[in-house]
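Hello,

I am handing over the structure below. Please have a look at it first; my notes follow.

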Amino acid sequence: MYRCTTGTGCYYVRVTDYKSYEEQAAEVHFLRNLRQCGVGVASVVQSIQGQYLEQVNVQELKTMVVFEGAPGIHIPRVDWTADKLYKVGKEIGKLHRASQCYADEYPDSPIQHWHVNKEYQFLESIPKDETHIRTLAKDVLEQIQMIPKHA
């Protein structure tokens, strides 16, 4: 992920070689669908060729997608009020409803579950001798995967 600042704003370029083009196209479609449903997600920017995804060959084939930087800030913990957390909860609920509608409408989407994607293979990045951290990370991942999955 690369951050780019221009006169028109802040953008993020994701360069990927470990997801298929089809999966990335489905992710872009999903994000655009969420925006259309009123969920506050970052906009995907079209290239000058009018594409949301561009492939470039830099030693190997990579796919690039550009996102507008989302407005806002991370709320400092001291500012976590009941009102702000309620608003965050409402947004998360909106996201879940829109995601469920998308999943119902596009059941054959090639988007993989989060735990299958390489960027979430945390244990590969933690040195073997960091046994305590590896155990904690493994436990957290196992607990998350045990959460029931249903409509």
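Contacts first. Of the contacts in the protein chain with a separation of 6 or more, 54% are between residues 24 or more positions apart. Contact here means heavy atoms within 4.5 Å.

Some background on the source. This is a predicted model, in which local features need pLDDT of at least 70 and side-chain atom pairs count only at pLDDT 80 or more, while totals for chains, interfaces and linings use all residues. Residues are numbered from 1 along each chain as its sequence is written, and side-chain values use heavy atoms, with hydrogens and water left out.

Now the overall layout. The protein chain has three helices and five strands. These are DSSP runs, numbered from the N terminus: helices are H or I with at least four residues, strands are E with at least two. The order from the N terminus is β-β-α-β-β-β-α-α. The C-alpha trace spans about 45 × 45 × 35 Å along its principal axes. The chain has 151 residues, and 19% of them count as buried. Buried means under 20% relative accessible area, exposed over 50%, and partly exposed in between (1.4 Å probe, protein chains only).

Next, a helix pair. Helix H1 covers residues 21-36 and helix H2 residues 82-105; they pack at about 130°, with axes 10 Å apart. That makes H1 oblique to H2. For the angle classes, under 35 degrees is roughly parallel, over 145 roughly antiparallel, 65 to 115 roughly perpendicular, and the rest oblique. Axes are lines fitted to C-alpha atoms, for helices over the stretch in contact, and angles run from 0 to 180 degrees between N-to-C directions.

Which residues meet? From H1 come Ala-26, His-29, Phe-30, Asn-33 and Leu-34; from H2 come Leu-95, Ala-98, Ser-99 and Tyr-102. The residues of this contact divide into six nonpolar, three polar and no charged.

Last, the rings. The structure holds two aromatic pairs. Rings of Phe, Tyr and Trp (its six-membered ring) pair if their centres lie within 6.5 Å; planes under 30 degrees apart are stacked, over 60 edge-to-face, the rest tilted. Phe-30 and Tyr-102 have ring centres 4.9 Å apart and planes at 65°, so this pair is edge-to-face. Phe-30 lies in H1 and Tyr-102 in H2, so the pair ties together parts 72 residues apart in sequence. Tyr-102 and Tyr-106 form a tilted pair, 4.7 Å centre to centre with 35° between the planes. Tyr-102 is buried, at 6% relative accessible area. Tyr-106 is partly exposed, at 31%. Ring pairs link Phe-30, Tyr-102 and Tyr-106 into a cluster.

Best wishes

Conventions. Nonpolar A, V, L, I, M, F, W, Y, C, P; charged D, E, K, R; others polar.
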